[in-house]
Amino acid sequence: MRRRDRRYGQCTDGGWILGNEIDGTQAEYVRVPFADNSTYPVPEGVGDEQLLMLADILPTGYEVGVLNGNVQPGDVVVVVGAGPIGLSAISGARLFSPSLIVAIDRLPGRLDAAKQFGADVLVNNAERDPIAAVRDLTGGLGADVAIEAVGVPATFELAVELVRPAGRVANIGVHGRPVTLHLERLWSRDLTITTGLVDTSSTPTLLRLLAAGRIDAARFVTHRFGLDDIIRAYDTFSDAGRTGALKVVLSRV
């Protein structure tokens with residue numbers, strides 16, 4: 001991939017290495033391949049916990065969700081899944097002044113978090129039909145943009161049904177199973193469906209937004225543990241429905 005395309009996630013001499021081709025970074029010392037090509041100076045006033053969110057969820061939600069979805073001022077944006085990635089997409093979408101952001105999830109705690117991160121309407125799809133809810137909000141048309149942030153067949157198919165004709169579906173979720181694409185119903189609707197691997201080309205922009213206080217990344221951190229307590233940290237994160245965990249930070253204490 002040519003560097004001028006800024007699609008660094010697809011580079012043949014780099015790309016997605018940590019946590020994919022080699023072990024990730026949850027250790028005291030980490031070897032980072034191609035570090036000279038992927039580091040940025042830290043602005044004054046931006047803390048370590050905020051920077052952690054720039055290593056993963058913030059650029060993912062912003063690039064693969066908001067930018068790929070081409071969110072525009074006045075759009076109705078629906079985010080399916082209010083976990084950390086979905087919340088990142090909500091934060092990024094707000095920068096483009098949509099008229100309405102709708103968050104869809106089955107966990108009340110995640111929906112409460114979505115409200116804090118800027119969602120205007122909350123839909124618990126365990127209790128309410130999300131398609132009917134979005135059409136009620138849009139005069140029967142559907143959303144301009146649907147961002148899928150879960151990664152299972154049902155949520156992708158839901159996202160496709162939520163958008164209006166000529167709408168955009170930005171898939172962020174990492175899918176481990178095949179998904180049905182109903183072209184027999186979709187071919188005439190002029191939909192745009194995008195996928196993507198985060199490139200982190202937006203990191204300088206997001207750093208400036210953090211420094212200016214336009215994005216509050218610290219609010220993602222709900223739990224903190226020392227490295228010696230890593231098992232309890234994982235248990236807390238894996239049971240997020242009970243613990244309310246969004247992001248769990250490990251540190252050497």
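Glu161, Glu184 and Arg185 are linked in a network of salt bridges, a salt bridge being a side-chain nitrogen of Lys or Arg within 4 Å of a carboxyl oxygen of Asp or Glu. Welcome to this predicted model, where local features need pLDDT of at least 70, side-chain atom pairs count only at pLDDT 80 or more, and totals for chains, interfaces and linings use all residues. Residues are numbered from 1 along each chain as its sequence is written, and side-chain values use heavy atoms, with hydrogens and water left out. Helices (H or I, at least four residues) and strands (E, at least two) are DSSP runs, numbered from the N terminus.

**Salt bridges**

- By the rule above, the count comes to ten salt bridges.
- Arginine 94 is partly exposed at 38% relative accessibility, and aspartate 120 is partly exposed with a relative accessible area of 33%. For these terms, buried means under 20% relative accessible area, exposed over 50%, and partly exposed in between (1.4 Å probe, protein chains only).
- Another salt bridge joins aspartate 144 and arginine 164, with the closest N and O atoms 3.2 Å apart. This pair links distant parts of the chain, with aspartate 144 in strand β4 and arginine 164 in strand β5, 20 residues apart.
- Aspartate 144 counts as buried at 13% relative accessibility, whereas arginine 164 is partly exposed at 22%.
- Arginine 242 and aspartate 239 also form a salt bridge, their closest N and O atoms being 2.6 Å apart. Here arginine 242 is exposed at 65% relative accessibility, while aspartate 239 is partly exposed at 31%.

**Helices α3 and α4**

- Helix α3 (residues 84–94) packs against helix α4 (residues 108–117) at an angle of about 20°, with the axes 9 Å apart. Axes are lines fitted to C-alpha atoms, for helices over the stretch in contact, and angles run from 0 to 180 degrees between N-to-C directions.
- The two helices are therefore roughly parallel to each other; angles under 35 degrees count as roughly parallel, over 145 as roughly antiparallel, 65 to 115 as roughly perpendicular and the rest as oblique.
- On the α3 side, Pro84, Leu87, Ile90, Ser91 and Arg94 meet Arg110, Ala113, Ala114 and Phe117 of α4.

- Among the buried ones are Ile57, Pro59, Tyr62 and Glu63.
- The cover over the buried residues of α2 includes α1 (48–54), α3, β4 (143–148), β5 (163–171), α8 (203–211) and β8 (247–251).
- Serine 202 lies in the loop between β6 (192–194) and α8, and is buried with a relative accessible area of 5%.
- Leaving aside neighbours within four places in sequence, serine 202 is in contact (heavy atoms within 4.5 Å) with Pro59, Tyr62 and Glu63.

**Phenylalanine 225**

- Phenylalanine 225 belongs to strand β7 (residues 221–226) and counts as buried at 8% relative accessibility.
- Beyond its neighbours within four places in sequence, phenylalanine 225 has contacts that include Arg232, Thr236, Val249 and Ser251.
- The C-alpha atoms of phenylalanine 225 and serine 251 are separated by 6.4 Å, although the two residues are 26 residues apart along the chain.
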